[in-house]
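This report covers aromatic contacts and sheet architecture in one protein model. The sequence and coordinates come first.

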Amino acid sequence: MVTIPRLVIAAPASGSGKTTVATGLMAAFTQRGLAVSPHKVGPDYIDPGYHSLATGRAGRNLDAYMCGPELVAPLFAHGARGCDLAIVEGVMGLYDGASGQGELASTAHVAKLLQAPVVLVVDASSQSRSVAALVHGFASWDPEVRISGVILNKVGSDRHEMLLREALDESGVPVMGVLRRAEQVATPSRHLGLVPVAERRGDAVSAVAAMGAQVGGGCDLDALMALARSAPRSPAGSGAWDPVEAVRGAVAGGGACDAALAGPSRNRGSGPRTPDGPEGGGPDGPGRGRPVIAVAGGPAFTFSYAEHSELLAAAGAEVVTFDPLRDVALPEGTRGLVIGGGFPEVYAPELSANEPLRKAVADLAAAGAPVAAECAGLLYLSRSLDGLPMCGVLDAEGRMSKRLTLGYREAVAITDSALAAVGTRLRGHEFHRTVLEPGAGSAPAWGMHQPERRVEGFVQQGVHASYLHTHWASAPGIARRFVERAAE
């Protein structure tokens, strides 16, 4: 496979400025005319939205826990195909991974899997000479992690910069950028992190442009590009991941696997070719048409992985997006529905006010069509959210909570569903500040094994609804099974 120039942008800890620097570099290199492939370590849905805005390409996640280490390089190569440069934003601190599992799913782990040079972003606001000890410690902790440069963030003055540079001269790690404090690049946050791009597109465009200008002006882009080009040939042994080949080789929804639920926005008729070609093969057979799978999008449902719609299309579906805040009906001919994660609690009044769509969703579910709902989708299918009527498909009520539920999970399917056969094992992720009561129906979706044993979610008729975020790239049979159910 062709070598892809690549950089991993990491930091000693969360809050150091990784997102600003990574997004700014993506924007700055894109403004130079390069095709930049954006990636994010871990399960985060929000940062990739800003990456996409900076590059004009789908933001991709690289999660060694949910997808397995063996898929990290192939998924990277899939996203970066045809690009001049790939930039990977890390997660948390460089060496922070899945709790209690060593380096698994850490930025350092992914950097090693990609054999990519690492640039460390350091918040220098409260230190001077100590920065050298910090960088030396991170660079020497794991000899397999190649920390090849430092970008100093939140530098206060010219004298402060001089002291930092003098100290780092002794560390042997070159300074590749210095950024001063800049309010215009700040992005607003709330209970689950940054506000997604879809909710503040105009302001987000301005913020990303400011990031590109600040980072482009404060960093040595030529040196960073030379560093990216120094990366060896990508270790993705069998080449790039391909959704069509993945679906062809998949067992429909069964076996031990990692899995996921929601997909990205995509217009009618677009997307990858199907296994039987563009004329409409897949589960319906050649010439019999492609079942329409409606995927919720818009500001209320922004959590998605790009690979999901690609897999649905590869399995023979026509993937059509709709916005539950605006559209009063499901897309014409809908035979399956995917409602991913997002912020229904923020838009509960608007979602509740759209009675025609709520009824259409309830009618589709009552007819037995396959419906995959995760987290925000689970709440949307409930009877109510913070006292406001939702679709009423599930006999449960949702409400906001002060407690953040966050972390990786191990799960097994304990009820046969449109997504997975009983016994399917997977790894997923929970991320919410809401509570659903009850948390499981008479036919639960999952049995959880980490961090505690419990049952969770709902399976009824064609509906599979759960708080669990998962990733279909590691279990393409999920998409195949779902499309086959829609085509029946």
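## Basis

This is a predicted model, in which local features need pLDDT of at least 70 and side-chain atom pairs count only at pLDDT 80 or more, while totals for chains, interfaces and linings use all residues. Residues are numbered from 1 along each chain as its sequence is written, and side-chain values use heavy atoms, with hydrogens and water left out.

## Aromatic pairs

Nine aromatic pairs are present. Rings of Phe, Tyr and Trp (its six-membered ring) pair if their centres lie within 6.5 Å; planes under 30 degrees apart count as stacked, over 60 as edge-to-face and the rest as tilted. Tyrosine 95 and phenylalanine 138 are stacked, because their ring centres are 5.9 Å apart and their planes are at 25 degrees. Tyrosine 95 belongs to the loop between β4 (85–89) and α4 (107–114), and phenylalanine 138 to helix α5 (residues 130–141), so this pair ties together parts 43 residues apart in sequence. Helices (H or I, at least four residues) and strands (E, at least two) are DSSP runs, numbered from the N terminus. Phenylalanine 138 is buried at 16% relative accessible area, whereas tyrosine 95 is partly exposed at 21%. Buried means under 20% relative accessible area, exposed over 50%, and partly exposed in between (1.4 Å probe, protein chains only).

Tryptophan 472 and phenylalanine 482 form a tilted pair, with 6.5 Å between centres and 40 degrees between planes. Both residues are buried. One aromatic cluster is formed by Tyr45, Phe303, Tyr305, Phe343 and Phe431.

## Parallel sheet

Seven strands make up an open sheet with parallel pairing, in the order β3-β2-β4-β1-β5-β6-β7. Two strands pair if DSSP finds at least two bridges between them. The edge strands β3 (60–62) and β7 (175–180) each have a single partner strand, so one side of each lacks a neighbour in the sheet. From one strand to the next, the twist averages 25 degrees. Strands β1 (residues 6–10) and β5 (residues 118–123) run parallel and are joined by three bridges; alanine 10 has leucine 120 in β5 as its bridge partner.

## Helices on the sheet

Helix α4 packs on the sheet and touches β1, β2 (36–41), β3, β4 and β5, its direction making about 170 degrees with that of β1. Contact means heavy atoms within 4.5 Å. Axes are lines fitted to C-alpha atoms, for helices over the stretch in contact, and angles run from 0 to 180 degrees between N-to-C directions. Helix α8 (residues 221–229) runs at about 115 degrees to β1 and lies across β1, β4, β5, β6 (147–155) and β7.
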